[in-house]
Amino acid sequence: MAEIAIKDAFAQHKAFIPFITCGDPDLETTEKIVVKMEQAGADLVELGIPFSDPTAEGPVIQGANLRALTGGVTTDKIFDMVKNLRTKVSIPMVFMTYANVVYSYGMEKFMTNAKACGVQGLILPDVPYEEKEEFAVPAKAHGLELVSLIAPTSHDRIRTIAKSAEGFVYCVSSLGVTGMRSEITTDVKAMVDLVKSENNIPCAIGFGISTPEQAADMAGKSDGAIVGSAIVKLCEKYGKNSVGYIYEFVKSMADAVHAA
Amino acid sequence: MSENNSSTSKGRFGIHGGQYIPETLMNAVIELEDAYNHYKDDPEFNRELTDLYNNYANRPSLLYYAENMTKDLGGAKIYLKREDLNHTGAHKINNCLGQGLLAKKMGKTRLIAETGAGQHGVATATVAALLGMECDVYMGVKDMERQALNVYRMRLLGAQVHGVESGTGTLKDAVSETMREWTRRINDTHYCLGSCMGPHPFPTIVRDFQAVISREIKQQMLEKEGRLPDVVMACVGGGSNAIGSFYHFIDDKSVRLIGCEAAGRGTDTFETAATIATGRLGIFHGMKSYFCQDEYGQIAPVYSISAGLDYPGIGPEHAMLHDSGRAEYVAITDDEAVDAFEYLSKTEGIIPAIESAHAVAYAKKLAPTLPKDQIIVITVSGRGDKDVAAIARYRGEDLHD
């Protein structure tokens, strides 16, 4: 299907961005889930390629990585699944994984295959600004955007990061790792404003968001909301039967974000 | 392999090193680097650290001529650098006193650390007690079982010990969990990393604090023999006692530097932790270096009888010394290490840590092949009391701590 650029996912309204770990519980279910996510109103999807030691993840997504790898998922099998998925969905898709998954596969080969299967970008939580060029240059050469992250501890680094950011800026809402939180206390609005003062690029907020109210609140302060653990939790609970539950959840979240 | 490391990257050892960590931690490592650059040349800081080394940690450690072992092996003359005689029984205290003092100067009130065998956890807990800081130690649940006595020792020293169940429940998982904890609480907390690994500036800081080992060896050897040694060898997991033993000899090209990795059940099996022998280039735990991994970059479960060497990577400076050929890396199996553990105990009356026994094992092979006028220094990184029960079980005895 016709592919939409990352920035255009934010053009109509605030964007709702769900995350899913590929292969949890299996790739067939992942494919069905992503199709349903688009139907439920998702504007962009983050596809997690599992890693054995995901240091930025809390227990929920760690569990998903483990289930997927135990089930025999590999980077190549994920490329095949996404290639097929691309014939069914048109919203932008980005891979979220760790540096070694890309580096060890071979930088050129990874970027070539990622582009060929129809994704638009990459998020690598263990690649900060200082190490970005190593990944962003080959990504760009293949027409992929490397999404930059900013955190509550970034302070004076935000302007520098924003200047060279591509696609969208992933604003990490809280200290710690991924996972659901009862409240988000960081002044995310100030972070977003600082990005915008340097670069007119969409900013989406992630980490800790699990309810439509939180999602609407975060989207209200930025250009979108990213939700991972709350969705992965449904995979954990319902396995192959999670598709319908995830559809309902994504719909409630997307509706709230689009109204923000 | 050609490398295109970022022009903005810091802390490189050849192509290795760097800072591959979440953005949340970047200002923390920058703050640490700034503080370290300030204090490393500060006379007051160095005076305090030397005072702690000499009057608290029992430095300088002895350089002991192992006459029985030398005669028995019938080749090169063997000296043992006795890091096992340090307070807390291992080289780990050198680094912990340095980092603890640095953290205190930075205004931090809490130390967190990973531990494998428990030696680094004990050393961190000790320094936290001494300096009046809070301490949380993360340890794989499998290692907590293997090293139950050290777990209690840390608690006795006032530290909280957290069992890590994720992954393989060993050292790599303890490192991952400590990194996660650091992202949760940064302001008052210093991550007292235990080996010459992780993101810049840790490999440099840990190496500098451990370099006291080679500084002393050099001076003591000149006093005893009036010359440099021909070989310096040490065991390597992450590699901190080895890099400390090598550092002041790197420019002395006549000195062979040998790191002894843990082969576990053999480098031709999956039950190994020999990174140089079986790993390949990768990015993990904040650094580019060699790692045991599968074809898709998934970090491999590793195995060694020694909890302290049971790590799938190696510090970036070792990776560089391997690339350049300046240091050699050899793999020692569990069986060889256990034999050496017993050999040193019976021959010299010194029970080495099972980690250190890997270096003793290679010396047993190498010494007989060298002429009698050559000198080998083996760093005995720690004492083996912690391992006695496990080795007894390895030999079929029904003995528990």
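Strand β1 (residues 12–13) of chain B joins β2(B) through two bridges, and the two strands run antiparallel. The model is predicted. Start with this pair, then step back to the whole chain.

**A strand with two partners**

B:R12 has B:G17 as its bridge partner in β2(B). Together, β1(B) and β2(B) make a hairpin with two residues between them. B:G14 sits in the turn, and its phi is positive, about 60°.

How many of the five residues of β2(B) are buried? Five of the five are, and the strand (residues 16–20) is mostly covered.

β2(B) also pairs with strand β12 (residues 286–291) of chain B. This pairing is antiparallel too, over two bridges. Here B:G17 stands opposite B:K288 in β12(B).

| Pair of strands | Sense | Bridges |
|---|---|---|
| β1(B) and β2(B) | antiparallel | two bridges |
| β2(B) and β12(B) | antiparallel | two bridges |

**The whole chain**

Chain B holds 16 helices and 14 strands. Its radius of gyration is 19 Å, close to the 21 Å that the globule rule gives for 401 residues, so chain B is as compact as a globular protein of that length. Along the principal axes, its C-alpha atoms fill a box of roughly 55 × 50 × 45 Å.

Of the 401 residues in chain B, 66% are buried. Take the contacts between residues at least 6 apart in sequence: 72% of them join residues at least 24 apart.

**Surface and charge**

The accessible surface of chain B is about 13,800 Å². Carbon and sulfur atoms account for 49% of that surface. Chain B carries 41 positive and 53 negative side chains. The centres of these two sets lie 2 Å apart.

Conventions: Residues are numbered from 1 along each chain as its sequence is written. Chains are lettered from A and ligands numbered from 1 in the order in which they are written. This is a predicted model: local features need pLDDT of at least 70, side-chain atom pairs count only at pLDDT 80 or more; totals for chains, interfaces and linings use all residues. Side-chain values use heavy atoms; hydrogens and water are left out. Helices (H or I, at least four residues) and strands (E, at least two) are DSSP runs, numbered from the N terminus. The radius of gyration is taken over C-alpha atoms; the globule rule is 2.2 Å times the number of residues to the power 0.38. Buried means under 20% relative accessible area, exposed over 50%, partly exposed in between (1.4 Å probe, protein chains only). Contact means heavy atoms within 4.5 Å. Accessible areas come from the Shrake-Rupley method with a 1.4 Å probe; for residues, only the protein chains shown count as cover. Lys and Arg count as positive and Asp and Glu as negative; His and the chain ends are not counted. The place of a charge is taken as NZ of Lys, CZ of Arg, CG of Asp or CD of Glu. Two strands pair if DSSP finds at least two bridges between them.
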